[in-house]
Amino acid sequence: MRFHLKSKGFIGPLGDDIPSIFPIVFAVLLFGGTVIYANQVISEKASALETREGAVSLSYLVTEKGFLSDAELEKICTEKIEARAASLKVRYLITLKRFCDGIPVDFTSSDPDLNPYGNGEKASPFYLDTSLVAGETWFYCSNSEEVETTGTGLFEQPKQSILLSFPVAVPCPNYDSFTSGLGVVNVITWK
Amino acid sequence: MKRLKKKRSQAAISDAIILLLVTSFSAALIFNFIGTWGNDQDSVLRSSYVLNYMQSVSKAAYHVDASTLQNIGPGGIDVYSDLDCSQLKDYPGTLRVTDLLKRDLGDSNPGSGLPGESVLPKLDDKFGLDENAAVVPGKTAMRCAMKELMKPFAFAGYTYYFEVLSLENPADAQDGDFVPVEGGEITNSKSLGLSTTGTTPGCKGVREAGLDVLTVSSPFQVLYSTTNEEGQLDSQFVKYKTRICIWSSASG
């Protein structure tokens with residue numbers, strides 16, 4: 001068999017396969033890229049699910065009772081939360097706030113119906129403090145070094161963190177009152 | 001032989017194109033998979049949060065003292081325009097919201113079978129069945145508490161309803177008998193008349209309307225006391241349950 005150079009479409013035994021290389025390479029790149037992207041997406045979703053599962057799990061420990069004081073929260077954090085968070089491999093910040101005059105829904109608002117305290121960021125779930133004033137953070141606990149570094153003030157919300165808030169009864173109108181009023185405990189978790 | 005040589009490159013390209021089509025189809029399947037992966041788990045975790053929140057509301061209501069709610073106002077919201085929490089200042093000390101609610105319900109015993117006594121009570125801020133009934137703002141206290149406790153969800157677009165159901169020989173064996181409400185109901189729903197006769201009231205009505213409802217119930221015992229013929233005090237616990245249901249306002 002001789003190769004006839006004038007035959008249409010006939011380049012050579014290897015040359016005939018050159019056009020098919022492009023769709024093959026494209027197919028391989030498409031499949032590889034899809035697998036890598038899928039792995040990345042699933043990894044991110046799994047991490048988000050673990051963070052949310054951690055928040056839900058820790059919140060069950062914190063909301064066992066309908067009443068919470070600073071001493072009780074400290075005890076729960078030390079005896080239960082730390083160990084549970086370590087097993088779930090999540091970092092947490094739990095803040096307890098006394099909202100005796102009503103629960104704010106927008107701490108940045110000056111409208112008393114949205115924030116009865118008018119104290120701005122101090123009503124935020126991320127504000128770190130041990131204040132005896134209603135509307136501010138009464139107590140907080142955390143296993144994060146970043147929280148320790150922040151000290152008193154607004155803790156910057158970590159990326160892909162989960163915030164769950166729950167109502168509890170707390171001493172009102174003062175921190176040492178025998179009567180109980182409205183309060184909120186916030187559970188924040190992140191990886 | 002010439003024809004065979006011409007078709008050689010066509011066979012290679014056809015194979016390559018088929019490979020590309022199969023790969024594209026596989027990529028589409030993978031994208032579809034990752035688009036739905038984890039959605040069920042996420043939905044369960046979000047529902048767990050909502051249920052835990054509602055359970056926390058029920059627990060908190062058992063501890064919150066009524067007098068601490070005296071400063072709660074309507075907040076410019078229409079459904080609370082008739083809400084007067086300032087009257088709770090007259091109930092100082094450790095008198096809780098649920099204590100007042102029990103007093104509001106403690107003026108009858110629906111399971112006794114005795115005439116005049118065996119009637120379903122009403123949430124009417126009164127203790128007594130006649131015009132001489134004492135004022136006991138149990139319904140108002142619970143309304144003030146629920147307004148604040150459910151505020152985060154209300155502002156997020158959810159509607160809630162709080163109801164009491166009698167479990168004493170109920171006509172509705174599955175849910176219990178709905179305790180009717182006089183005046184403003186314990187809800188942020190603008191659909192007034194949820195407890196109007198002729199329509200299914202409360203959470204059951206919302207469920208029958210086909211809405212996606214989450215419900216939390218808790219047992220609630222009320223002490224009912226009366227004096228017998230010999231003038232001795234006769235007390236017994238009457239079984240009720242409280243129920244909080246929540247649904248997305250967007251769905252109805």
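Of the 78 residues in the largest nonpolar core, which touch the most other members? The legends below take up this point and then the interface, for a model that is predicted.

**View 1. The largest nonpolar core and its most connected members.** In the largest nonpolar core, which has 78 residues, the members that touch the most others are I81(A), I94(A), L69(B) and M146(B). Helix α2 of chain B, spanning residues 39–63, supplies the largest share of this core, with 8 residues. In soluble globular proteins, nonpolar side chains tend to be buried together.

View 2. Leaving aside residues up to four places away in sequence, M146(B) touches V57(B), K151(B), Y160(B), F162(B), I186(B) and I244(B).

**View 3. The interface of chain A and chain B.** Here 54 residues of chain A are in contact with 51 residues of chain B, and the area buried between the two chains is about 4,500 Å², with carbon and sulfur atoms giving 71% of it.

**View 4. Polar and charged pairs across the interface.** Between chain A and chain B, 11 residue pairs are in polar contact, and the rule finds 1 salt bridge across the interface. In a salt bridge, the side chain of R52(A) meets that of D42(B) at 3.6 Å, N to O. On the side of chain A that touches chain B, the elements giving two or more residues are α1 (18–62), β5 (162–171) and β6 (180–190), and α1(A) provides the largest share, 22 residues. By residue type, this side of chain A divides into 32 nonpolar, 11 polar and 11 charged residues.

Definitions and conventions
Residues are numbered from 1 along each chain as its sequence is written. Chains are lettered from A and ligands numbered from 1 in the order in which they are written. This is a predicted model: local features need pLDDT of at least 70, side-chain atom pairs count only at pLDDT 80 or more; totals for chains, interfaces and linings use all residues. Side-chain values use heavy atoms; hydrogens and water are left out. A nonpolar core is a set of buried Ala, Val, Leu, Ile, Met, Phe, Trp, Tyr and Cys residues joined through side-chain atoms within 4.5 Å. Buried means under 20% relative accessible area, exposed over 50%, partly exposed in between (1.4 Å probe, protein chains only). Helices (H or I, at least four residues) and strands (E, at least two) are DSSP runs, numbered from the N terminus. Contact means heavy atoms within 4.5 Å. Buried area is the accessible area (1.4 Å probe) that two parts lose on being put together, summed over both. A salt bridge is a side-chain nitrogen of Lys or Arg within 4 Å of a carboxyl oxygen of Asp or Glu. A polar contact is a pair of N or O atoms within 3.5 Å; within protein, one must be able to donate a hydrogen and the other to accept it, and residues adjacent in sequence count only if both atoms are side-chain atoms. Ala, Val, Leu, Ile, Met, Phe, Trp, Tyr, Cys and Pro count as nonpolar, Asp, Glu, Lys and Arg as charged, and the others, Gly among them, as polar.
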